[in-house]
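Dear colleague,

Please look through it first, and then read what follows with the model in view.

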Amino acid sequence: MRCPIAKPGGSTLAVWLSGLESRQLELVLAARADAVAPPEPRSLGELADRLQRPASVALVLPGLALPHWQVAEALAALGPASRAALAGLLGATGAEGSRGLDAALGAMADRALVWPDGEGLLRLAAPLREAWDTPLGLDAPLVRLLADTTSEELRRMLSALGVRSPAGNKQQRLTALVAHHSDPERVAMLVAGAPAATRELLERRANDETGLSGSQAEFVALGVSRPDSGPGARWALERGLLVQDRHRYGPARMPAEVALALRGDDWHAPFAPAPPEARSMPITPADVDREAAASATAFAAHAASVLTVCSAAPPALLKSGGVGVRELSRVGKAARCDDIVVRLVLETAYAAGLLARDGSHVVATDGYDAWAQREPAEQLTVLLQVWRTLPSTPSRARDEDGKAMPALAGTPPCNGCAQAREGLLSAVAHLPADQAAKSAEELGPLVAWYSPLAHRLPQDTVPFATLVGEAELLGVIARGALSRIGAAVRADDTKALAAACRRLLPAATRTARFGADLTAVVTGTPAAHLAELLDAVADREAGGTASVWRFSPGTVRRALDSGRTPDTIAADLAAVAVGSLPQPLSYLIHDTARGHGRVRVTSAACVIHGEEPALLAELAVHRKLVGLGLRQLAPTVLISRTPLDKTLAAIRAAGYAPVAEAADGTVRVEQTPSQRAAAPVPHPRPPGGEGAQAKRSPAVADVSALAARLRGAPVFAPEPDPYNGIPFGTDTEEIIAGYAHLLSFADVRQLAHAINEGQAVTIEYVAASGSRTVRTLSEIDFDPPYLYAWCHLRDDERVFTLSRIQGVMPA
């Protein structure tokens with residue numbers, strides 16, 4: 001059930017909402033879940049106010065397709081307009097266009113972006129109107145441009161037009177002028193009789209759909225024509241065909257009514273009610289399943305290989321942040337996969353918590369150990385869930401200048417990249433049944449239609465080619481059609497996604513085939529213990545649907561170095577072999593073992609030496625020095641397992657007088673560095689104070705129950721009166737007060753002012769551990785109940801919970 005778009009109502013959104021049925025109001029509340037977040041709206045007026053906030057409107061814009069944006073731009077250009085006028089401007093007078101217009105208006109009404117007023121005119125949410133400076137290349141309507149014009153100036157314009165001037169007030173004269181300029185035929189006749197220079201000027205301005213300013217010759221300063229303005233501009237200014245803005249220095253502005261009249265009846269605003277046609281080919285579900293299974297299986301195997309390499313040899317981070325091209329190449333070479341796969345695995349694994357930054361490297365976490373033990377279908381499910389919500393295109397390799405980009409660089413979130421992913425899933429899902437796109441080129445226009453806000457990567461010669469490649473690698477798209485996996489990803493259904501992966505991906509392989517050429521082949525995705533064993537004894541040569549390892553003296557020696565014996569290696573390989581081990585492999589293992597360990601190398605934290613063998617022998621057996629781990633290598637040489645400074649202190653504590661040597665053998669001179677105390681941090685004023693009251697923590701209500709309460713409440717509720725008769729100044733203050741229970745009203749206002757004005761602020765904050773710190777915050781992003789801000793104390797971005805803020809003071 002859609003909200004009625006043609007139902008007359010009041011001039012405000014609140015009055016229109018009051019005329020909706022309960023089910024229709026529930027539809028709006030469900031579509032705009034941000035509006036029912038705590039604190040709950042107490043009236044339809046308060047709900048309408050929330051629905052029209054810029055931040056609230058911005059949340060629903062990504063869900064609009066191209067025709068929705070085109071309708072919104074047309075309404076932004078027309079102002080409040082009837083459906084007939086809107087249809088005429090868009091050229092939606094035929095059956096197909098009319099259905100498309102109704103569908104677009106209905107979808108926008110569901111989100112409370114468009115509603116009819118009492119006169120049957122369609123009104124657009126104000127924040128959405130501000131999305132365009134010059135919608136359709138049109139300036140503001142005549143009524144707005146002439147708002148500051150005097151009655152005498154209007155009389156002169158009407159006189160120049162040959163229209164009888166009403167003897168009444170300014171409003172009547174303005175109405176008469178607007179009526180004249182709203183008649184396309186009268187405007188066309190007027191311009192046809194204008195001087196040639198004027199006609200050229202007006203036609204050029206009217207057909208400039210970019211909305212750019214006119215030439216230098218059209219400038220007028222302080223309401224007086226400049227010497228270079230020319231008679232063409234003056235003639236148009238005298239008749240209201242151009243209007244000079246008294247409040248800014250710039251070119252004269254052309255009213256929207258005049259521009260539309262000069263564009264002619266055959267000009268229509270762009271309107272694409274139906275998605276573009278894409279060349280397709282027939283395909284069966286079985287073909288899609290086979291292709292998706294092959295791609296997903298290969299990616300799962302590659303992901304396991306890449307993360308195994310990262311676990312064994314963590315990638316190093318660049319000083320500027322991120323994993324550089326050289327490290328990506330190293331990981332890809334070791335895992336036997338392409339750069340795009342390495343980037344995709346690193347980004348998804350990092351977002352899933354399988355990898356984390358640790359100093360100058362990216363290391364595996366405990367979550368990776370649990371992930372590695374799962375079946376390939378479960379492993380892929382985790383990565384697909386993350387890919388669905390990533391705020392970037394993970395396999396992007398080039399920036400706007402064509403330079404190589406590091407992976408895991410911590411780039412700012414790209415909402416357009418997320419919208420491109422949503423648009424791709426929608427585009428493929430809406431292809432005809434049993435049909436698939438012939439190529440990636442066919443999907444680009446569809447993505448742009450379903451997600452006009454989608455970001456196109458500069459590296460793509462074909463629009464969205466990188467994104468399509470990612471989806472094909474993951475098995476989301478197979479042969480130009482949406483797979484079972486892709487359908488579950490689009491529906492954001494975790495259970496369905498896990499079931500689809502289990503159906504398409506085989507179980508992990510637990511056996512290998514060993515060849516006489518000293519290779520081991522594993523088809524499918526190797527189990528964790530099998531991959532760990534083969535990685536320890538051999539080098540991986542290939543990965544994907546089948547993985548290949550090769551044995552050599554160096555790889556066997558590596559296994560022996562890890563503590564394995566030749567008999568253990570042979571037994572472990574025989575346990576996972578299909579058949580018996582080839583004789584050449586057994587010979588290789590035992591031949592390598594015979595030469596292993598003939599030369600020994602030991603480690604030492606420091607060396608103790610002297611010229612008296614008896615003294616060193618005494619140190620080696622001293623009971624107070626047993627903890628140092630001393631070992632005598634020669635009569636005058638001892639080695640210690642304990643670092644130099646601790647060894648030196650222990651020997652001195654035992655009553656001896658050793659000295660420390662530098663690396664070049666000279667005696668090290670020891671000096672104690674001076675210590676300095678850190679500068680004290682000013683303490684903010686105490687939390688609470690007069691007027692501080694505990695605020696209840698509102699809960700999110702059921703949509704149907706909330707709709708029933710709103711329909712029974714007055715349309716407009718009284719203003720809030722929270723602190724001794726002082727109402728909240730802004731919505732930000734009210735929201736902060738609902739969460740920050742320990743702040744006084746003055747502190748609430750101080751914090752809200754810093755958020756609204758983008759200013760820095762100092763807070764007293766109690767961490768989850770109970771420690772109390774003073775933080776200076778800037779670049780604050782308000783997302784209740786949290787603040788995302790740059791912390792000057794930690795010199796990093798941090799998240800702060802409003803309820804833990806104890807006090808606020810200016811920065």
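Tyr-450 counts as buried, since its relative accessibility is 15% and the cut-off for buried is under 20%. Please keep in mind throughout that this is a predicted model. Trp-449 is buried as well, with a relative accessible area of 9%.

Five aromatic pairs were counted. In one of them, the rings of Trp-69 and Trp-132 have their centres 5.8 Å apart and their planes at 75 degrees, which makes the pair edge-to-face. This pair links distant parts of the chain, because Trp-69 belongs to helix H5 while Trp-132 lies in the loop between helix H8 and helix H9, 63 residues apart. Trp-69 is buried at 12% relative accessibility, and Trp-132 is buried at 16%. Trp-449 and Tyr-450 also form an edge-to-face pair, with 4.8 Å from centre to centre and 80 degrees between the planes.

Two arginines are placed over tryptophan rings: the charged end of Arg-263 sits 4.5 Å from the ring centre of Trp-267, and Arg-421 lies over the face of Trp-387, at 5.2 Å from the ring centre.

Finally, the axes of helix H24 (residues 484–491) and helix H25 (residues 494–504) come within 8 Å and cross at roughly 170 degrees, and the two helices are therefore roughly antiparallel to each other. Among the residues in contact are Ile-485 and Val-489 in H24, and Leu-497 and Leu-504 in H25. The residues of this contact divide into eight nonpolar, no polar and two charged.

Best wishes

Conventions: Residues are numbered from 1 along each chain as its sequence is written. This is a predicted model: local features need pLDDT of at least 70, side-chain atom pairs count only at pLDDT 80 or more; totals for chains, interfaces and linings use all residues. Side-chain values use heavy atoms; hydrogens and water are left out. Axes are lines fitted to C-alpha atoms, for helices over the stretch in contact, and angles run from 0 to 180 degrees between N-to-C directions. Helices (H or I, at least four residues) and strands (E, at least two) are DSSP runs, numbered from the N terminus. Angles under 35 degrees count as roughly parallel, over 145 as roughly antiparallel, 65 to 115 as roughly perpendicular and the rest as oblique. Contact means heavy atoms within 4.5 Å. Ala, Val, Leu, Ile, Met, Phe, Trp, Tyr, Cys and Pro count as nonpolar, Asp, Glu, Lys and Arg as charged, and the others, Gly among them, as polar. Rings of Phe, Tyr and Trp (its six-membered ring) pair if their centres lie within 6.5 Å; planes under 30 degrees apart count as stacked, over 60 as edge-to-face and the rest as tilted. Buried means under 20% relative accessible area, exposed over 50%, partly exposed in between (1.4 Å probe, protein chains only). A charge sits over a ring if NZ of Lys or CZ of Arg is within 6 Å of the ring centre and within 35 degrees of the ring normal.
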